[in-house]
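Hi there,

Here is the structure I promised to pass on. Have a look at it first, and my notes follow below.

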Amino acid sequence: MKEYITSQHRYYTLDYYLKKRFDKKVFKVALNGDFTCPNRDGTISNRGCIFCSPEGSGEFGGRRGDPLDKQFREVKNIISLKWPDAKYIAYFQANTNTYGPIEKLRKLFYEAINLDKDIVCLSVATRPDCLDSEVIDLLSEINKIKPVWVELGLQTINEETAHLINRGYTLDVFCDAVNRLRNAGIEVIVHIINGLPYEEKDDMLNNIKFLNAMDIQGIKIHSLFILKGTDLETLYYEKGFKVLTLEEYVDITVSQIALLRSDIVIHRINGDAPKDQLIEPKWSLKKLVIMNEIDKRMRDASLYQGIYYKK
Ligand code: SF4
């Protein structure tokens, strides 16, 4: 049995990993670096991924245009009241955070790691087609000062679905980016979505089998959100597709965790939908219920992360 299995969770949680690595409670602070996305500005497309809200991804970050220092202090001031010893991860979440001139990236990322002595890591969410060698060299340079994580939104390995959701890059591009990031010593976290239109449970399990064979360090799993004003909303109302029930989501996610390589840290097992924009699934707002159901199901069936992992 694995050391990270507790009476509560039977998988390798981010919380466990952070405490072990940094010996303190660590919080992610979402910073807004005022980025756009090539899948929205016309470079790749002007529609964006079909599930992405018109304001772009990262609804919970700091305010666009605010200085980084202000964005960070606002969060730290609140957290430090309860956890004076906490450490922080500077997290560029909204849109595509390596899509811009290299001078902008250099200035912003260095500013972020130097915002506070308690920042222990830089985390950058981006697309795999926005990681040219200049960007990877920069991230690798910063990685020598503080650990750098890169989060990639893969969503699915199914190329047909990728086309349907207008992801705008192929699986080869993703694999190439992961390999180049790993050659530079940068940790990679991959986002996947359960419940994409017309996908079956097997598609979602195939995502895990595929990722098991890649040199990745973390994963974020969440359910598809149908948000107001998106192309996904139009598809849902005009053509229709099946939305996962809570029970189905729990069943699929538990099966995925049981298949997942045991050294991959699970950063999330559900997402944060903006409540006022969410059409379906409404159960996705009950984050605690989802987590508890997954824990319960794993305990009852004596499952743990990686129990069905095969090389
Ligand atoms: S790559 Fe991210 S920010 Fe860009 S359209 Fe897709 S989900 Fe939205």
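A word on accessibility to begin with: buried means under 20% relative accessible area, exposed over 50%, and partly exposed in between (1.4 Å probe, protein chains only). At 40% relative accessibility, Thr170 therefore counts as partly exposed. Thr170 sits in the loop between helix 5 (159–164) and helix 6 (171–183); helices (H or I, at least four residues) and strands (E, at least two) are DSSP runs, numbered from the N terminus.

Please keep in mind that this is a predicted model: local features need pLDDT of at least 70, side-chain atom pairs count only at pLDDT 80 or more, while totals for chains, interfaces and linings use all residues. Residues are numbered from 1 along each chain as its sequence is written, and side-chain values use heavy atoms, with hydrogens and water left out.

Seven strands form an open sheet in the order 1-2-3-4-5-6-8, with parallel pairing; two strands pair if DSSP finds at least two bridges between them. Strand 1 (26–31) and strand 8 (265–268) are the edge strands, each pairing on one side only. Strand 4 (residues 148–155) and strand 5 (residues 187–194) are joined over six bridges, and Val150 stands opposite Val188 in strand 5.

Best wishes
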